[in-house]
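Me: Could you walk me through this structure step by step? I am new to this, so please keep it friendly.

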2 protein chains.
Amino acid sequence: MSQIAVMEKKNSHLVDQSALLTRDMDAAAASRLSALLAKNLRRVQVGADIVAEGEDAPTILLVLEGWVALNKSLQNGQIQTIDLFLASDIILPTSGDALVSAYDVHALTDVVVSSISRVELDDLEISDPPKMWSAVRTHEARARARVAERTLRLGQASAETRLAYALIELCLRLEGAQHIPKDAFDLPLTQQQIGEYSGLSSVHVCRTLRRLSRQGLIDTSENNRVVITDIQGLAGIADAELDVLRSELLAPDV
Amino acid sequence: MSQIAVMEKKNSHLVDQSALLTRDMDAAAASRLSALLAKNLRRVQVGADIVAEGEDAPTILLVLEGWVALNKSLQNGQIQTIDLFLASDIILPTSGDALVSAYDVHALTDVVVSSISRVELDDLEISDPPKMWSAVRTHEARARARVAERTLRLGQASAETRLAYALIELCLRLEGAQHIPKDAFDLPLTQQQIGEYSGLSSVHVCRTLRRLSRQGLIDTSENNRVVITDIQGLAGIADAELDVLRSELLAPDV
DNA sequence: CGGCCATTTGAACGCGCTCAAGCGCGGTGG
DNA sequence: CCACCGCGCTTGAGCGCGTTCAAATGGCCG
């Protein structure tokens with residue numbers, strides 16, 4: 001067995017995440033795409049940038065494992081996290097000009113990603129039907145819904161509401177196939193990073209989390225872990241309805 | 001001439017905006033799509049909702065004339081404008097479930113729109129190559145860039161920066177084909193609505209606009225009209241570089 | 001044990017909000 | 001014609017939420 005073949009075997013469970021891209025493709029096209037993704041597999045350590053702002057960026061970036069933040073920052077260094085991505089999510093790091101990234105794509109944990117560059121995409125397009133874009137559109141619709149809900153609260157709601165919402169959002173996104181909220185989960189973000197996500201200072205994140213915790217809504221005693229003890233109460237503070245939110249954020253693949 | 005034919009003639013300059021969708025299609029497909037858009041043409045008055053939150057929504061909504069706001073609101077009635085759309089922009093009002101809108105789509109001026117519903121889209125897809133999606137993706141990339149830039153400032157920047165940025169953004173989007181910023185333009189928003197766009201109260205919008213005006217950066221003496229008198233200065237306060245921003249927001253159609 | 005980083009808590013400031021009153025302008029009707 | 005609205009803009013006063021600065025505490029690893 002060649003070294004590459006061994007590597008591909010070892011990583012096969014990761015590339016399986018790409019099933020969402022290859023679905024509906026004919027077998028030949030699907031295997032060509034899988035091979036491309038296996039070739040472009042990349043492991044990135046916690047805290048490193050997967051793509052830096054202003055760098056050349058792939059057109060499509062696939063998260064296979066770990067947590068990824070899409071960040072933008074002001075000249076004074078203040079960071080805002082535009083969106084968070086988990087395993088199986090699709091990141092489109094380029095804005096209009098389709099070459100250079102307008103964002104920092106940051107590894108919040110050790111991460112495994114794969115990617116498709118613009119030229120590779122053009123090569124595929126020649127031979128493969130663009131069924132793939134349908135999956136990309138679904139993911140983009142979910143991302144739009146997430147960003148809109150967060151923007152609403154960032155612009156109009158209190159710190160308590162913003163944080164409660166962030167927790168509810170992550171809780172729902174992590175719930176997976178079975179439709180029960182995952183009310184206890186690892187949250188590999190520092191309070192600083194939670195603040196970057198919700199537009200708050202780390203100090204105020206701390207205060208507000210403790211307040212939620214004192215109200216008996218969450219339990220943060222274990223480090224880097226959140227237990228939601230009263231999801232209805234938390235959803236109330238987040239100004240969210242769980243069912244509605246779920247249908248927005250977890251829309252099925254079309 | 002039949003009445004419908006007359007109407008289609010009268011509206012032809014509007015449907016021409018759809019050239020961006022039909023580009024690269026073969027003539028037959030293009031004319032079928034144009035006919036569909038002409039059939040679905042709709043005029044909406046200032047202040048009316050084009051699509052209300054929770055209603056069935058078209059998959060693609062095309063703005064042919066006027067200004068449109070994509071709004072979300074909290075239970076207490078507070079409104080946040082997620083994005084603004086001008087003539088020739090494409091709105092994707094559905095989130096995940098692809099049927100019901102998660103937004104209010106609101107006419108800020110008298111507006112002409114057209115739309116393609118999910119079923120119409122499926123019908124087209126059968127016969128027409130999905131070249132159209134390429135245009136949609138381009139527009140979506142621009143929309144993502146806009147939302148990201150605004151989210152960054154909504155989360156991290158002062159009222160002055162947010163407002164300066166909003167003006168710069170609109171100024172660039174209105175500049176059109178020639179690459180000179182349109183430094184004087186009609187702004188058909190009340191200060192209340194500017195506040196909904198930038199996450200500020202109408203009172204503070206007023207104060208901040210006056211401050212910008214006192215600094216000699218803008219002139220708002222004429223009602224519903226903005227003249228940018230020092231675009232470099234304004235860009236400085238907005239924490240933006242005009243060239244970079246332009247390439248993000250006005251990316252060419254691929 | 002010491003060193004480092006994240007979290008926690010306190011104190012004080014200030015930006016942007018709310019409440020409230022006044023102003024300017026266009027439209028309507030006596 | 002002017003009186004009278006109604007709506008949006010303007011300005012003032014005061015408050016409160018979230019910030020910054022600072023110091024103390026806690027947890028993890030060398």
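Reply: Happy to! A salt bridge here is a side-chain nitrogen of Lys or Arg within 4 Å of a carboxyl oxygen of Asp or Glu. Keep in mind that this is a predicted model.

Me: How many salt bridges are there between chain A and chain B?
Reply: Let's start with one example: B:Arg144 pairs with A:Glu140, and their closest N and O atoms are 3.1 Å apart. That counts because the cut-off is 4 Å. Between chain A and chain B, the count of salt bridges is six.

Me: Which element gives the most residues to the side of chain A that touches chain B?
Reply: Across this interface, 16 residue pairs are in polar contact. On the chain A side, the elements giving two or more residues are β4 (68–73), β5 (79–85), α6 (131–156) and α11 (242–249). With 15 residues, the element that gives the most is α6(A).

Me: How much area do chain A and chain B bury between them?
Reply: Each chain brings residues to the contact, 41 from chain A and 41 from chain B. Of the buried area, 58% is on carbon and sulfur atoms. The total comes to about 3,700 Å².

Key:
Residues numbered from 1 in each chain as written. Chains lettered and ligands numbered in written order. Predicted model: local features only at pLDDT ≥ 70, side-chain atom pairs only at ≥ 80, totals over all residues. Heavy atoms only, no water. Contact = heavy atoms within 4.5 Å. Buried area = accessible area lost by both parts, 1.4 Å probe. Polar contact = N/O pair within 3.5 Å; in protein donor to acceptor, adjacent residues only side chain to side chain. Helix = DSSP H or I, 4+ residues; strand = E, 2+ residues; numbered from the N terminus.
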